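Let's take a walk through a protein model together.

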Amino acid sequence: MTDLPAERWRVGDIEITRVVESETPVSAKFLFGEAQLEILQKAPWLKPCYVTEEGRLVLSVHAFVVDDGQRKIVVDTCVGNDKLRRMPFWSQLQGPFLSRMAELGHPAESIHRVLCTHLHVDHVGWNTRLVGGRWVPTFPNARYLFGRSEWEHWSGEAPTPGEDIIGDSVKPILDAGLAEFVESDHRVSPLVWLEPTHGHTPGHVSVRIRSQGAEAVITGDLMHHPLQIADPEIATPFDYDTEWARRTRREFLARYTDAPVLVLGTHFATPAAGQIVQERGVRRLVPRGSGS
Ligand SMILES: [Zn+2]
């Protein structure tokens with residue numbers, strides 16, 4: 001095993017495993033366009049897990065495997081190996097993601113569904129892998145679910161110079177006949193369904209889970225860092241529509257603050273899940289670590 005964190009949570013009969021591709025401190029400027037020093041001071045609970053002593057924000061790229069005992073669903077597939085990308089630290093990676101997934105009990109052949117909350121670079125990468133110079137589906141026995149409106153948006157866009165995210169990580173899935181286009185409230189299984197949370201991208205979705213009275217939600221990128229729980233107005237430059245994304249965050253926090261729902265953050269560092277609570281006007285994440 002490498003020394004990357006691995007976490008697991010139980011939600012009723014469902015087990016959720018976090019498979020980390022990278023966990024790295026980045027500058028507040030990178031994530032939010034400007035330093036948010038006052039808010040960092042107002043939210044001391046962010047240290048040391050989510051903000052370093054030096055004030056850098058820890059950003060994780062990971063997948064969640066949602067396993068109900070019958071069916072395994074991978075939610076978001078990170079950056080992937082061998083992909084030519086504009087961001088130098090994401091270009092032509094050679095990481096052990098797939099072997100880590102297998103070590104955690106989830107070899108690629110065992111996956112039944114792949115679900116991308118949206119079609120950004122760090123959510124579709126392991127959809128495919130390079131074999132003999134061709135991009136082939138990484139999860140050969142899975143159906144891949146893509147939001148219909150998300151696909152309609154991105155398939156109409158020209159690739160950014162220097163990278164072809166749709167071309168190397170989504171189109172090969174269509175060519176292999178493994179893609180399904182679904183609505184934003186699609187039910188993936190009796191216990192798992194999509195919740196529309198548009199704004200970060202036009203067809204962005206979150207993932208809801210309910211089993212034996214226990215509930216969870218996987219955020220996707222409606223927020224990138226627990227800092228945005230403290231202040232949902234803080235926006236990243238990666239949002240397609242800043243105001244739409246802010247409104248979606250406010251609505252999400254209204255739904256899940258002080259609710260008995262485990263919130264799993266798609267880019268949250270370890271521990272990547274917890275409950276959102278509000279006390280004396282301050283909203284924060286109370287982390288729930290692995291196995292608890
Ligand atoms: Zn992302």
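Helices (H or I, at least four residues) and strands (E, at least two) are DSSP runs, numbered from the N terminus. What you're looking at is a predicted model, where local features need pLDDT of at least 70, side-chain atom pairs count only at pLDDT 80 or more, and totals for chains, interfaces and linings use all residues. Residues are numbered from 1 along each chain as its sequence is written.

**The sheet**

With that in hand, find the open sheet of seven strands, which goes β10-β11-β12-β13-β14-β15-β16 in order and has mixed pairing. At its edges stand β10 (187-189) and β16 (282-287); each has a single partner strand, so one side of each has no neighbour in the sheet. From one strand to the next, the twist averages 30 degrees (axes are lines fitted to C-alpha atoms, for helices over the stretch in contact, and angles run from 0 to 180 degrees between N-to-C directions). Zoom in on β14 and β15: they run antiparallel and are joined by two bridges. L264 has A273 in β15 as its bridge partner.

**The whole chain**

Zooming back out, the protein chain has nine helices and 16 strands. Its radius of gyration is 18 Å, close to the 19 Å that the globule rule gives for 292 residues, so the chain is as compact as a globular protein of that length. That radius is taken over C-alpha atoms, and the globule rule is 2.2 Å times the number of residues to the power 0.38. Along the principal axes, the C-alpha atoms fill a box of roughly 55 × 45 × 40 Å.

How much of the chain counts as buried? The figure is 45% of the 292 residues. Here a residue is buried if 20 or more other C-beta atoms lie within 10 Å of its own, exposed if 12 or fewer, and partly exposed in between, with C-beta atoms placed from the backbone.

**Helix α9**

Now look at α9 (residues 242-256). At 1.5 Å a residue, its 15 residues should span 21 Å, and its end C-alpha atoms are 21 Å apart, which agrees. (The expected span is 1.5 Å times one less than the number of residues.) A245, T248, R249 and F252 are buried in α9. These four cover an arc of only 100 degrees around the axis, so they sit on the same side of α9; the arc is that of the directions from the helix axis to the C-beta atoms. An α-helix has 3.6 residues a turn, so residues three or four places apart point the same way. E243, R250 and A254 are exposed on the other side of α9. The buried residues of α9 pack against α8 (227-230). After α9 comes D258, with a positive phi near 60 degrees.

| Residue | Backbone feature | Loop |
|---|---|---|
| P48 | cis bond from K47, omega about 0 degrees | between α2 (37-42) and β3 (57-67) |
| P271 | cis bond from T270, omega near -5 degrees | between β14 (261-264) and β15 (273-279) |
| D76 | positive phi, about 70 degrees | between β4 (72-75) and α3 (97-103) |

Is D76 buried or exposed? D76 is buried, with 26 other C-beta atoms within 10 Å. Q212 is exposed, with 11 other C-beta atoms within 10 Å.

Methods. Pairing = 2+ DSSP bridges. Contact = placed C-beta atoms within 7 Å.
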